[in-house]
Amino acid sequence: MTEFPNLFSPVKIGALQLRNRLIMSPMENSYATLEGEPSSRSIAFFEARARGGIALITLGACTIDESHREVPRSIHFGADARLDAHRELTQRVQAQGARIQPQLVHPGPDGMAPHLSGLPNIGPSVIPSYLSGIPCRELDIAEIPGIVEEFAAASERVREAGYDGIELHAAHGYMLLGSFLTPNRNRRKDGYSGSSQAGRCRLLIEVIRAIKAAAGEDFPLTLRISGHERIAAGRPSYDTAAIAAHLVEAGVNAFHISGGVIDPLTTQMVAGSHLPPGHNVAAAQAVKEVVDVPVIAVGRIHDPALAEKILSEGRADLIAMGRPLLADSEWPNKARTGRAEQIRYCISCQHCIDSMQVGRMACAINAFTGHEYKLDLGRTFRPERIAVVGGGVAGLEAARIAAERGHSVTIYEARSRLGGALRMASIVHAENQPFLNFLISEVKRLQITVELNSALDADQIENLGIENVVLATGGRHRTQRIPGDQLPHVLTGKMLTALLIGGWPQEADRKFSTHQRWMIRVLGAPIARLLDPPSIRLLTRYWLPLGHRVAIIGANLAGIELAEFLAERGRRVNLLEAGDDIGSDVGPKRRFEHIQRLEGLAVTIHTRAEVIEISRKEIVLMGGGRMEADSVIVTGTIEAEMRLAEQLHEKIPGLQSLGDARKPELIAGAMAQVARMMLPNR
Ligand SMILES: Cc1cc2nc3c(=O)[nH]c(=O)nc-3n(C[C@H](O)[C@H](O)[C@H](O)COP(=O)(O)O)c2cc1C
Ligand code: SF4
């Protein structure tokens with residue numbers, strides 16, 4: 001008996017029987033071939049999700065017209081689509097008990113036709129692409145039947161290739177159908193006019209009818225539509241509910257209710273923590289209340305308990321999830337079999353979007369995603385003893401991979417707790433916490449031996465007598481020198497980290513007032529050593545050894561998250577960056593979300609702000625600017641620390657150096673490094 005009976009009960013979409021109520025949301029991944037066919041990479045990726053227990057997989061946007069693609073590697077069902085690779089994909093997924101459907105689109109105004117085919121984009125009116133800004137050509141009314149026919153022909157090919165249904169994409173106010181549907185972009189004056197509900201819906205209804213006629217009445221059709229477009233002049237959820245019945249009449253067998261409209265950073269449709277979990281559920285419910293076909297809710301429903309609650313309260317009939325299945329392909333199986341605490345939960349870091357926009361989609365916390373075709377955690381034929389020195393992200397992941405493969409692993413950690421820099425990252429940015437929990441729970445599950453408070457030097461490592469040693473001891477903090485940085489109210493990022501995770505850095509003896517030193521040494525440090533990051537987050541709401549006005553010098557991700565953490569604790573924060581932009585170590589989507597959050601927290605941001613002096617009351621900028629500060633934190637940077645590796649590399653043949661010790665990178669880089677090193681076939 002599962003803990004989530006609603007989530008794991010069967011359901012039907014039209015004639016399509018599903019084994020449970022979990023759907024993989026469409027996600028473009030750029031894994032397909034340049035010819036627009038599923039590649040061996042795509043097939044292995046989807047097969048892994050099918051094996052992981054999902055009921056229905058939806059491919060990311062697949063175009064009906066090869067010369068109009070959303071991305072260069074868009075899968076297409078256009079005139080000359082070759083169906084062999086599709087058949088292999090559908091069969092491999094179905095063999096795992098899952099069902100599979102493409103998301104059919106015409107990219108319309110938001111495609112890459114001008115770049116890839118030299119054709120103009122097409123749309124309801126002359127409007128700029130949401131993604132490139134290039135204006136499209138307005139479709140002549142005489143061309144519209146041809147587009148409808150293309151949808152019909154593509155649907156026939158979909159069925160012929162062995163898919164189990166179609167998701168038609170009319171969400172997010174973009175691509176062709178979404179643009180006709182939104183008054184914001186449809187400024188036509190003819191029978192498809194954006195100023196009337198009937199005009200806006202006309203193309204969509206014609207396409208639905210044509211698909212049903214071509215693929216067959218019994219071929220299941222899900223419609224993806226934004227419940228609430230969440231922009232001025234966008235469609236509110238009550239208007240979506242008002243058109244839903246007409247769409248059912250035309251042939252829709254289920255609604256997939258997303259939200260927002262697209263923009264280059266997909267701010268609303270792939271929401272970060274600025275939107276709460278389940279932010280589209282109310283809109284899904286509004287539609288469910290007026291139709292008698294299943295309704296699917298999506299959007300930050302990452303926790304099985306929340307998914308179960310939505311279903312048990314009758315707010316939706318099925319749950320779709322995207323990023324959770326990138327982070328953990330086994331999410332459904334783990335939830336079903338009482339192993340929810342073993343799920344590697346998505347941390348909403350948006351690396352998947354940022355990576356997809358510059359190449360192929362990757363998941364920061366799961367380096368196996370997208371590499372299933374070549375990475376295999378298979379058991380080793382030669383179990384060995386492995387010592388992992390350092391229990392941060394890289395060390396924990398290396399230990400996990402080695403233990404999973406059947407090696408006998410011991411982690412030696414210098415501190416009294418596992419987690420390394422991820423502990424600090426979880427204190428300042430709570431969304432990292434589930435990943436820390438996952439790594440630590442894997443250590444327990446895999447029965448990895450852990451030696452805490454074991455700061456080993458080169459001789460001690462050699463004396464372990466273990467041939468395979470992974471050095472993951474972390475990097476070296478480097479802080480630029482600024483006149484005045486020895487003053488008591490100036491801390492470094494390294495010192496602050498040590499204090500928050502329960503240490504007492506040497507330099508701290510010269511810092512702080514007597515009262516503050518007493519508080520930290522006698523109460524703070526021992527308590528922080530015992531506590532988990534959530535408790536430290538809570539306690540620091542009451543006390544921190546920092547003044548009211550804080551200046552943070554250095555606005556990489558660590559500085560940004562620290563600024564948010566302090567502003568949430570009532571500090572007035574100035575965030576100063578000498579370079580041109582803040583967050584230069586993260587992608588544009590993640591950076592933008594932080595900028596929004598910083599603004600919401602009233603953090604003042606200055607770029608090209610080089611600090612040339614710190615005095616007791618203020619800091620002085622190059623060019624003469626001054627600002628008052630009671631506390632100053634110089635974040636610094638992390639550099640590789642290869643000393644141990646250099647001392648040991650001739651003595652221990654199986655020595656590997658990983659993580660910040662080798663090359664400082666954020667979580668995504670560290671995880672990829674570990675997978676590359678620990679799995680020889682990568
Ligand atoms: C990398 C990536 C690509 C996406 N591509 C598409 C797409 O092709 N079509 C679409 O309708 N939504 C797309 N989405 C949105 C997801 O389907 C989903 O609605 C969104 O991620 C919110 O759900 P989640 O919180 O479960 O991830 C994409 C999301 C991600 C992360
Ligand atoms: S990259 Fe980040 S946001 Fe995307 S699935 Fe992985 S953890 Fe989630």
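## A parallel strand pair

Strand β14 (residues 408-412) pairs with β15 in the parallel sense over 3 bridges; two strands count as paired if DSSP finds at least two bridges between them. Tyr412 stands opposite Glu451 in β15. Helices (H or I, at least four residues) and strands (E, at least two) are DSSP runs, numbered from the N terminus.

The model is predicted: local features need pLDDT of at least 70, side-chain atom pairs count only at pLDDT 80 or more, and totals for chains, interfaces and linings use all residues. Residues are numbered from 1 along each chain as its sequence is written, while chains are lettered from A and ligands numbered from 1 in the order in which they are written.

## The open sheet

An open sheet is formed by 5 strands in the order β15-β14-β13-β16-β27, with parallel pairing. Its edge strands, β15 (449-451) and β27 (654-657), each pair on one side only. From one strand to the next, the twist averages 15°.

Helix α13 lies across β13 (385-389), β14 and β16 (468-471), and runs at about 165° to β14. Axes are lines fitted to C-alpha atoms, for helices over the stretch in contact (C-beta atoms, placed from the backbone, within 7 Å); angles run from 0 to 180 degrees between N-to-C directions.

## Helix α15

The end C-alpha atoms of helix α15 (residues 433-445) are 18 Å apart, which agrees with the 18 Å that its 13 residues should span at 1.5 Å a residue. The expected span is 1.5 Å times one less than the number of residues.

The buried residues of α15 are Gln433, Pro434, Phe435, Leu436, Phe438 and Leu439; buried means that 20 or more other C-beta atoms, placed from the backbone, lie within 10 Å of the residue's own. Their cover includes α13 (393-404), α14 (421-428) and α19 (533-539). After α15 comes Gln447, with a positive phi near 50°.

Notes: Buried ≥ 20, exposed ≤ 12 C-beta atoms within 10 Å, placed from the backbone. Contact = placed C-beta atoms within 7 Å.
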